[in-house]
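I opened my notebook today to look up a few things in one structure, one entry at a time. Come along and keep the picture open beside you.

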Amino acid sequence: MIMKGKKGVILGVANNKSIAYGIAKACADQGAQIAFTYLNDSLKKRVEPIAQEFGSADYVYPCDVSNPDEIKALKESIEKDLGQIDFIVHSIAFAPKEGLSGRFMDISKEAFDIAMDISVYSLIEVVRELKPLLSENSSILTLTYYGGAKYIPNYNLMGVAKAALEMTTKYLAEDLGKDGIRVNAISAGPIKTLAAAGIGDFRFMLKWNEAHSPLKKNVTIDEVGNSGMYLLSDLSSAVTGEIHYVDCGYNLMGMPAVEFEDG
Ligand code: NAD
């Protein structure tokens, strides 16, 4: 039981297809006690049974990260119900639809600000607010995608947000290292989730990744969950500021191995 005795909070479960669900399952299977958050009342109905599944029915809290008061209230609730915690999972992203297809240069300032606030600044704010509860040797994990490192069609605004999130991970890692706190990101390959459904032509991304990754398949939330559990556990005690690819190796490809019929 690698996570026995560890307590943590997972932000970003929407349903049992969420990457955060895969991480929760891997951590709970290894003995962790988990608190969950939900964005709004309609998602509350989905998150509550999931929390129950993991023995966390009493640790389910509202948290819309665009509202600083809800982040503060989350800290108060966790402190009261769980006390000190050992890990935080930030598995949250949002960009208005206009930012996920079409011409990149047409993105409005309003859409840009919303995407950066919810997908990037929220990590900083959640970590700052919950920091007093974090034990020494605790671990923070966020989720990113290759579209933050290289151009991916339609990923547009979220690509810029993920680039900022990846550097935020590194700056936080330096900042919190002196307190014994590690901060890492998993760069997951494409997975069909609620958030992914908003990205233009997402099915093509899945097909492309499967065809061109070295392992010739797409990654599952269980596989991301297992890698997440490693980064949240003491097994990764010397790993921080890392962008860890869990993408069936796709990121190593400079050019797909395609044979043209005319040679
Ligand atoms: P998902 O839809 O299951 O999860 C996204 C979560 O973000 C939801 O739980 C939603 O409620 C939450 N959220 C959105 N706005 C919020 C707000 N204002 N306050 C609080 N929560 C809010 O989809 P997912 O694919 O599991 O996404 C989780 C993370 O993984 C995201 O950061 C996403 O960018 C990243 N990611 C996804 C893929 C993929 O292909 N699915 C690949 C790499 C990285």
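This is a predicted model: local features need pLDDT of at least 70, side-chain atom pairs count only at pLDDT 80 or more; totals for chains, interfaces and linings use all residues.

In which strand does Asn 137 have its place? I looked it up, and Asn 137 sits in strand S5.

**Entry 1: around Asn 137**

I checked what touches Asn 137, leaving aside its neighbours within four places in sequence. The contacts I found are with Lys 6, Gly 180 and Asp 234. Then I picked Glu 79, which is 58 residues from Asn 137 in sequence. In space, the C-alpha atoms of Asn 137 and Glu 79 are 18 Å apart.

**Entry 2: two helices**

Next I turned to a pair of helices. Two packed helices are described by the angle between their axes and the distance between the axes, so I looked up both. Helix H3 covers residues 68-81 and helix H4 covers residues 109-130. Their axes come within 9 Å and cross at roughly 35°. I also noted that this crossing is right-handed.

Which residues make the contact? From H3, I listed Pro 68, Ile 71, Lys 72 and Lys 75. From H4, I listed Glu 125, Val 126, Glu 129 and Leu 130. I sorted the residues of this contact into four nonpolar and four charged, with no polar ones.

**Entry 3: the ligand**

How many residues surround the ligand? I found 28 of them, and the closest are Ser 18, Ile 19, Lys 162, Ile 191 and Thr 193.

I then looked at backbone atoms facing oxygen atoms of the ligand. For Ala 14, a backbone N or O atom lies 3.4 Å from a ligand oxygen. Ile 92 also has a backbone N or O atom 3.4 Å from an oxygen atom of the ligand. For Ala 195, I wrote down 2.9 Å between a polar backbone atom and a ligand oxygen.

How much of the ligand's accessible area does the protein cover? On its own the ligand has 820 Å² of accessible area, and the protein covers 93% of that.

**Entry 4: positive phi angles**

Last, I looked at the backbone. Most residues other than glycine have a negative phi, so I wrote down two residues that go the other way.

Asn 154 is not a glycine, yet its phi is positive, at about 75°. I found Asn 154 in the loop between strand S5 (134-144) and helix H5 (156-177). Cys 248, also not a glycine, has a positive phi of about 60°. Cys 248 lies in the segment after strand S7 (243-246).

Definitions and conventions:
Residues are numbered from 1 along each chain as its sequence is written. Side-chain values use heavy atoms; hydrogens and water are left out. Axes are lines fitted to C-alpha atoms, for helices over the stretch in contact, and angles run from 0 to 180 degrees between N-to-C directions. Helices (H or I, at least four residues) and strands (E, at least two) are DSSP runs, numbered from the N terminus. A crossing is left-handed if the near helix is turned anticlockwise from the far one by less than a right angle, and right-handed if clockwise. Contact means heavy atoms within 4.5 Å. Ala, Val, Leu, Ile, Met, Phe, Trp, Tyr, Cys and Pro count as nonpolar, Asp, Glu, Lys and Arg as charged, and the others, Gly among them, as polar. A residue is near a molecule or strand if one of its heavy atoms lies within 4 Å of it. A polar contact is a pair of N or O atoms within 3.5 Å; within protein, one must be able to donate a hydrogen and the other to accept it, and residues adjacent in sequence count only if both atoms are side-chain atoms. Accessible areas come from the Shrake-Rupley method with a 1.4 Å probe; for residues, only the protein chains shown count as cover.
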